[in-house]
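Please look over the sequence and the model shown below, with an eye to where charged side chains pair up. The paragraphs that follow go through those pairs and their surroundings.

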Amino acid sequence: MLAVNARYRLQSLQRCLELLPGARKQIEKDMAEAADRLWAELQKPGKTVAVIDMAWLLPKDGLLDRLKARGATVSEPPQLAAAQAETADDAKD
């Protein structure tokens with residue numbers, strides 16, 4: 001997860017682009033619309049599968065933060081927790 005976070009951290013170019021007039025407002029609008037659409041789909045019965053760029057999910061106030069704020073439960077797959085525990089055990093040896 002650390003490697004994924006590092007990969008999807010805002011790049012210098014993105015930070016510069018956000019300084020353009022109206023850019024931040026447009027990004028906020030797009031993020032809010034995406035969160036609304038995803039939340040609406042999650043409210044429907046059954047399973048929901050979404051393919052979303054990690055750059056929209058991981059940033060502070062990104063889609064994951066917005067969904068958590070609405071009450072969504074976000075967790076990691078059990079296989080990831082098991083792999084992390086195994087790696088920690090190997091490091092002890």
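Across the whole structure, a search finds five salt bridges, a salt bridge being a side-chain nitrogen of Lys or Arg within 4 Å of a carboxyl oxygen of Asp or Glu. Side chains of opposite charge can pair when their charged atoms come close. The model is a predicted one, in which local features need pLDDT of at least 70 and side-chain atom pairs count only at pLDDT 80 or more, while totals for chains, interfaces and linings use all residues. Residues are numbered from 1 along each chain as its sequence is written, and side-chain values use heavy atoms, with hydrogens and water left out.

One of these pairs is E28 with R66, whose closest N and O atoms are 2.7 Å apart. Because E28 lies in helix α3 (residues 23–42) and R66 in helix α5, this pair ties together parts that are 38 residues apart in sequence. The residues of α5 are 63–69, and the helices named here are DSSP runs (H or I, at least four residues; strands are E, at least two), numbered from the N terminus. The two partners differ in how they are classed by accessibility, where buried means under 20% relative accessible area, exposed over 50% and partly exposed in between, with a 1.4 Å probe and protein chains only: E28 is partly exposed at 32%, whereas R66 is buried at 13%.

R66 also meets D61 in a salt bridge, with an N to O distance of 3.1 Å. Through shared partners, the salt bridges join E28, D61 and R66 into one network. D61 belongs to the loop between α4 (54–57) and α5, counts as partly exposed at 40% relative accessibility, and has a phi near 65 degrees, a positive value in a residue other than glycine.

What else does R66 touch, not counting residues up to four places away in sequence? Taking contact to mean heavy atoms within 4.5 Å, R66 touches M31, A32 and A35 as well as E28 and D61.

A further salt bridge is formed by K44 with E41, the closest N and O atoms being 2.9 Å apart. Here K44 counts as partly exposed at 45% relative accessibility, and E41 is partly exposed too, with a relative accessible area of 36%.
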